[in-house]
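Let's take a look around this protein together. Keep the sequence and the 3D view open while you read.

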Amino acid sequence: MTTTRQTASREVALTSGIMSISPSLAAEMLTRNRENRPLDKGRVTHLREAILRGEWLVSHQGIAFSGSWSDGRLLDGQHRLEAIRQSGQTVSLLVFENVPVETFSVMDTGRSRTASTILAMQGEHDAALLAAAIRHIHLFNTMPDTEWKGHSSRLTNAQVLTFLEANREKVATACGIARLMSKERLIIPTAAAVGYYTTHEASPGVDQDSWVKGVTTGADLSPGDPRLALRNALISLGTGTSGRRRSDSRGQLGLYLKAWNAWVLQKPVKQLRFQRGEKMPRPVHVLPEGSSDSQK
């Protein structure tokens, strides 16, 4: 292990270097994990899946020991080591040795950079909505019928950036439309962005201008119009007359898609509901004119 020396205030020589950590070595290091906080299984799963996807990169975030890596007490890095152990893969990791034990109380108290922070640092417009929209599009595509909570609903920053690189124009357009549709605080921007993105993906043959205008303004909508039913359902959520929380993006997306499908199929709707635990609707497919099977 290549080492570099640094002198702390107590004149303790610290060493650090990059090591290849195998699952068996990670397991051995974990036997010297004492008086650490309880293991967060969700965080371990998040790290393990990142390793399995090939997203692991060496950074300044490593593991630390009170003495040497071979026999010192593990002070920091239990989640990383447990993820390596579970992954069955060997990865490179920065290892610190001879770290003063008294620094244990201040380790890992900072906040990791979120996807929205990374996007903002890269100069992306409306980074918070962009990151949230990408995460919820992923959830819609991979686990539409479960509650979007817990470790399985998380995305790594690398996943967010990869999705954005492949779908930049479409996601940016969806977020712009979402801001327009949510300007009266009628609908959660994330729900609107995912709704617009998924329906546009499914139905590239539909001109969405009248849909967006109707939902946004409510102008000239007759009883039975699905756009009016959606507005009424969202207003009910916003005023507290509905038992479902207004902050539920998944629930609002379910209402959005139900109304969209009815509007495309020209079916009248008087009242919209999306119950907790209900399966997420899938948007109607409408292809451009001239394509075979234009609607299904």
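This is a predicted model: local features need pLDDT of at least 70, side-chain atom pairs count only at pLDDT 80 or more; totals for chains, interfaces and linings use all residues.

You'll find Ala132 in helix 5.

Now hop along the chain to Val194. Ala132 and Val194 are 62 residues apart in sequence, and 9.3 Å separates their C-alpha atoms.

## Helix 6 has a bend

Have a look at helix 6, which covers residues 157-181. With 25 residues, a straight helix would reach 36 Å at 1.5 Å a residue, but the end C-alpha atoms here are only 27 Å apart. Where is the kink in helix 6 centred? On Asn167, and the angle is about 95°.

Asn167 is also buried, and other buried residues of helix 6 include Val160, Leu164, Val171 and Met181. Among the elements covering the buried residues of this helix are helix 4 (115-121), helix 7 (189-202) and helix 10 (249-264).

In soluble globular proteins, nonpolar side chains tend to be buried together. Here, the largest nonpolar core has 55 residues, and those touching the most other members include Met181, Trp211, Leu253 and Tyr256. Helix 4, helix 5, helix 6, helix 7, helix 8, helix 9 (226-239) and helix 10 each give two or more residues to this core.

Zoom in on Leu253: leaving out residues up to four places away in sequence, Leu253 touches Phe140, Trp148, Ala191, Val194, Gly195 and Met280. There's also a second, separate core of 19 residues, with Trp56, Ile63, Ala83 and Leu93 among them.

Terms used. Residues are numbered from 1 along each chain as its sequence is written. Side-chain values use heavy atoms; hydrogens and water are left out. Helices (H or I, at least four residues) and strands (E, at least two) are DSSP runs, numbered from the N terminus. The expected span of a helix is 1.5 Å times one less than its number of residues. The bend at a residue is the angle between axes fitted to the seven residues ending there and the seven starting there. Buried means under 20% relative accessible area, exposed over 50%, partly exposed in between (1.4 Å probe, protein chains only). Contact means heavy atoms within 4.5 Å. A nonpolar core is a set of buried Ala, Val, Leu, Ile, Met, Phe, Trp, Tyr and Cys residues joined through side-chain atoms within 4.5 Å.
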